[in-house]
Amino acid sequence: LSERLVALLVALIALSACSEEPLTLERSPALLGNVAHGRELVIRFECARCHAQGAAKSTSRCVGCHQAIGAAAKGGSIDEVPIVDPPRDKIALWDERIVHFRELPSFIGATRLLRREWLRDFLLDPHDLRPRLDETMPALPMTAEEADDVVAYLGTLDDVVSRRDAFFRDEHAGDYERDGDLGRGARLFAEHGCASCHAMSGVLAQPRPAAGVADTRALELAPDLRFTRERFQPERLVPWLLQPSFYKHDSAMPDNRLTEQEGRDLAAFIMKAPLAAQPAPERPLRLPPLDRPVGWDEVSAEVFGKVCIHCHSDPDAEMGDGGPGFAGGFGMPMRKLDLTDYESTFAGYLDDDGKRRSVFEPSHDGTPRLVAALWARWEEQQGKKAAVRGMPLGLPALSVEQIQLVESWVAQGRPR
Amino acid sequence: MRSTGALCGLAVAFALLPWHSPVVEACGFAMPPQNYERELVASADQAAQELDYSYIVDTLQYFSRNDPEPDAKPADLAVRRRAERMLARAVVDSGGKFVPRAVEDASTHERIGWAVARLQRLLESDPEDPQVLTDLGVALSKLPEREEHARAILEPLAGRDLITTAQGWAALARLRRDGAGKQAATRRCLLMARSPAATCNLPFRSAGGVAAWGGRS
């Protein structure tokens, strides 16, 4: 109950702070999908493992827990860690070990700022949007209709808009097209240090963090501005640049104190600057199998125990559910793949028909399925559809040396 | 106007609330063993590294005497499953030398039979579990009248590359009648065994249970 009260107060405060004018609430434009079904899908696909949905602090299952552990390690309350009886003596150790899924964008403001068509297409065919963030949106087993329904549901989270937003939107609709100056915008982009966090591939390949800037959250969450022209609702870009916190209270983007004209100029640069074509990232060359012995201890230390077991684990010894790659998750079925130890790795996984199959079984081109999944992640990063789902899901492909190690171990007969 | 706004704010606030329970399961990566049953399995795991069958049996016989709690969570049931498999395996790999007190008066043949029955019970909830099937195949291969049954379990597993232990391959090598088949199984055994000589060359004539088997590595 107390959590609900806090959330209620926060939401009320956020709403009342939105405008100096009398608060007027309107419904946003008609939703295209089935909201109720969209809500079911958001639960089924477990979007909340990564994305917070609206409260003042992250309530997501993985990210929220990692953030609570981080806060507790820095002296915050251990009671915020959403685990029953969290062991105090382990908090610092966990905090030290957690590398990924600490900061991911929330749903807040998504449908207010972004084109719904883009959101739907991104759900169906995600790509790397944030160059400094290791995590990427995984391709989920979702149909186009389901994606529409999810977007419709997300729309309900942002569904109430204030008169001030309507004023902002109407006042600035398309005005960067008419009144924005691309050259002045380029100067503002440099002067305001936008490149400290943002890449704009085709103009600026990588962000150039200013010396001493240590806001890793802002750096990691900053999207590549190349995609702004297809992502953003054009009428909301200038208002967003003028006051990001109005649309997204948890945004890492600062309020830049721009004048309206500066907002139009900056928007003109972001939306109209010529973009050079981007070469597709190349898949690295496959290294030949190692001619020295490779045993389980090495391959587990470098790959399975380091990366894979976060999702393909053992529910008994770890007191969890074994992770989504064991118990099912993100809308995918139970696979029962446990890479925790040598023998469980030989027990394979459940295929789509519920039959056990070896992870060493040859795939369509003869590559063992386990190795094929590791290479498939490289294919996915190139924007290609792979024959098997790439692993690790939602994280960068393993290095060629790591894959070489796995491949060598398999080629040598998977010795202990 | 303000009151309408407040009402809408109320609605928004509830729409923004998380729909899942704030108490969630651990992420499954870093949680240490925290209850009695997990402590037992963890210490048996350690003993498995040292091939201390006596300790494993002493420790894990708790699970053969106590049924799970009615409100046991899936992770708790998984712990029990693992413990019961380890216990049966320790009985088999020790050649029936070490058994829970309840079957201490039984013959060696009956002791192995007890382990077979425990493994068969585990299969009821997951008939395709390759780890239990492998252990069952090994256990059955130690009962002369059940060798065909053992082979009927292990051969299909081998065909699907799902034999999970060196002992499984060693048993199959012994059960196969053709030389090439025996050699192929022995090669797999040698690759998988922690102590290849003990496990693969003298797989089932080892007095005192010296056949190696690995616990959690």
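Modeller: Along the sequence, chain B reads α-α-α-α-α-α-α-α-α-α. That is 10 helices and zero strands. The model is predicted. Chain B has 217 residues, and 51% of them count as buried. Its accessible surface is about 9,900 Å². Carbon and sulfur atoms hold 56% of that area. Take the contacts in chain B between residues at least 6 apart in sequence: 57% of these join residues at least 24 apart.

Now chain A. Its secondary structure has 21 helices and four strands. Chain A has 416 residues, with 54% counted as buried. It exposes about 19,200 Å², and 54% of this comes from carbon and sulfur atoms. Among its contacts with a separation of 6 or more, 66% link residues 24 or more positions apart.

Next, the packing itself. Two packed helices are described by the angle between their axes and the distance between the axes. Two pairs in chain A can be read this way.

Take α2(A) and α7(A). Helix α2 of chain A spans residues 35-44, and helix α7 of chain A spans residues 144-157. Their axes come within 7 Å and cross at roughly 100°. An angle from 65 to 115 degrees counts as roughly perpendicular, so α2(A) is roughly perpendicular to α7(A). From α2(A), the contact draws on A:Val35, A:His37, A:Gly38, A:Arg39, A:Leu41, A:Val42 and A:Arg44. From α7(A) come A:Glu146, A:Asp149, A:Val150, A:Ala152, A:Tyr153 and A:Thr156. By class, this contact has six nonpolar, three polar and four charged residues.

Then α20(A) and α21(A). Helix α20 of chain A covers residues 369-381, and helix α21 of chain A covers residues 400-411. The axes come within 10 Å and cross at roughly 165°. Angles over 145 degrees count as roughly antiparallel, so α20(A) runs roughly antiparallel to α21(A). The crossing of α20(A) and α21(A) is left-handed. On the α20(A) side, the contact is made by A:Leu370, A:Val371, A:Leu374, A:Trp375 and A:Trp378. On the α21(A) side, A:Val400, A:Ile403, A:Val406, A:Glu407 and A:Val410 take part. The class count is nine nonpolar, no polar and one charged residues.

To recap the two pairs: α2(A) and α7(A) cross at roughly 100°, while α20(A) and α21(A) cross at roughly 165°.

Note on methods: Residues numbered from 1 in each chain as written. Chains lettered and ligands numbered in written order. Predicted model: local features only at pLDDT ≥ 70, side-chain atom pairs only at ≥ 80, totals over all residues. Heavy atoms only, no water. Axes fitted to C-alpha atoms, helices over the stretch in contact; angles between N-to-C directions. Parallel < 35°, antiparallel > 145°, perpendicular 65-115°, else oblique. Left-handed = near helix turned anticlockwise from the far one by under 90°. Contact = heavy atoms within 4.5 Å. Nonpolar A, V, L, I, M, F, W, Y, C, P; charged D, E, K, R; others polar. Buried < 20%, exposed > 50% of the residue type's maximum accessible area, 1.4 Å probe, protein only. Areas by Shrake-Rupley, 256 points an atom, 1.4 Å probe, with all protein chains shown as cover.
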